[in-house]
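Hi everyone, thanks for making time this morning. I'd like to walk you through one structure, so let me put it on the screen.

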Amino acid sequence: MAREAVEIDQAHRSMFPSVHAAATILVNELQPGAYGEWPALNAGVAAGLAGDFETARRLFESARRHAASQAQVILTYIDDPVAFRSYVRGIIEAERAYYGLGASPAAVAS
């Protein structure tokens with residue numbers, strides 16, 4: 001199981017070499033007017049981390065039902081880039097710890 005997690009982590013690092021690349025890919029994969037809740041939330045987080053807060057806001061506001069509560073919390077930080085990055089970094093670190101993935105990549109940690 002640990003080997004599989006490492007392989008998945010390596011695959012994701014090659015697919016998403018930077019925060020800007022991840023944001024571009026995730027935002028471009030969304031189908032206009034038909035994106036699901038979690039894809040919109042994930043793309044919004046990536047866009048915000050890449051500094052595109054206008055796109056992030058639009059995507060968070062589009063999230064509904066299951067993702068809505070998380071999107072509403074994240075929206076409270078959208079006007080403060082430092083607080084936004086700090087909050088999202090906390091989410092990432094908690095998820096990485098839960099899955100035993102170790103420290104965040106440098107692109108997110110900075």
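Let's start with a question: is the crossing in which α2 passes α3 left-handed or right-handed? It is left-handed. Before I go on, please keep in mind that this is a predicted model.

Now for the geometry of that helix pair. Helix α2 covers residues 19–29 and helix α3 covers residues 37–49. Their axes come within 8 Å and cross at roughly 145°.

Who meets whom here? On the α2 side, the residues in contact are V19, A22, A23, L26 and V27. On the α3 side, they are N42, A43, A46, A47 and L49. If you sort the contact of α2 with α3 by class, you get nine nonpolar residues, one polar residue and no charged ones.

While we're looking at this part, let me point out A21, which also lies in helix α2. Along the chain, A21 and A46 are 25 residues apart, and their C-alpha atoms are separated by 9.0 Å.

Okay, on to the rings. How many aromatic pairs does the structure hold? There are three. As a reminder, a pair of aromatic rings is described by the distance of the centres and the angle of the planes.

Take F53 and F84 to begin with: this pair is edge-to-face, with 5.5 Å from centre to centre and 85° between the planes. F53 sits in helix α4, residues 53–62, while F84 sits in helix α6, residues 81–98, so the pair ties together parts that are 31 residues apart in sequence.

To put the rings together: F53, F60 and F84 form one aromatic cluster.

Key: Residues are numbered from 1 along each chain as its sequence is written. This is a predicted model: local features need pLDDT of at least 70, side-chain atom pairs count only at pLDDT 80 or more; totals for chains, interfaces and linings use all residues. Side-chain values use heavy atoms; hydrogens and water are left out. Axes are lines fitted to C-alpha atoms, for helices over the stretch in contact, and angles run from 0 to 180 degrees between N-to-C directions. Helices (H or I, at least four residues) and strands (E, at least two) are DSSP runs, numbered from the N terminus. A crossing is left-handed if the near helix is turned anticlockwise from the far one by less than a right angle, and right-handed if clockwise. Contact means heavy atoms within 4.5 Å. Ala, Val, Leu, Ile, Met, Phe, Trp, Tyr, Cys and Pro count as nonpolar, Asp, Glu, Lys and Arg as charged, and the others, Gly among them, as polar. Rings of Phe, Tyr and Trp (its six-membered ring) pair if their centres lie within 6.5 Å; planes under 30 degrees apart count as stacked, over 60 as edge-to-face and the rest as tilted.
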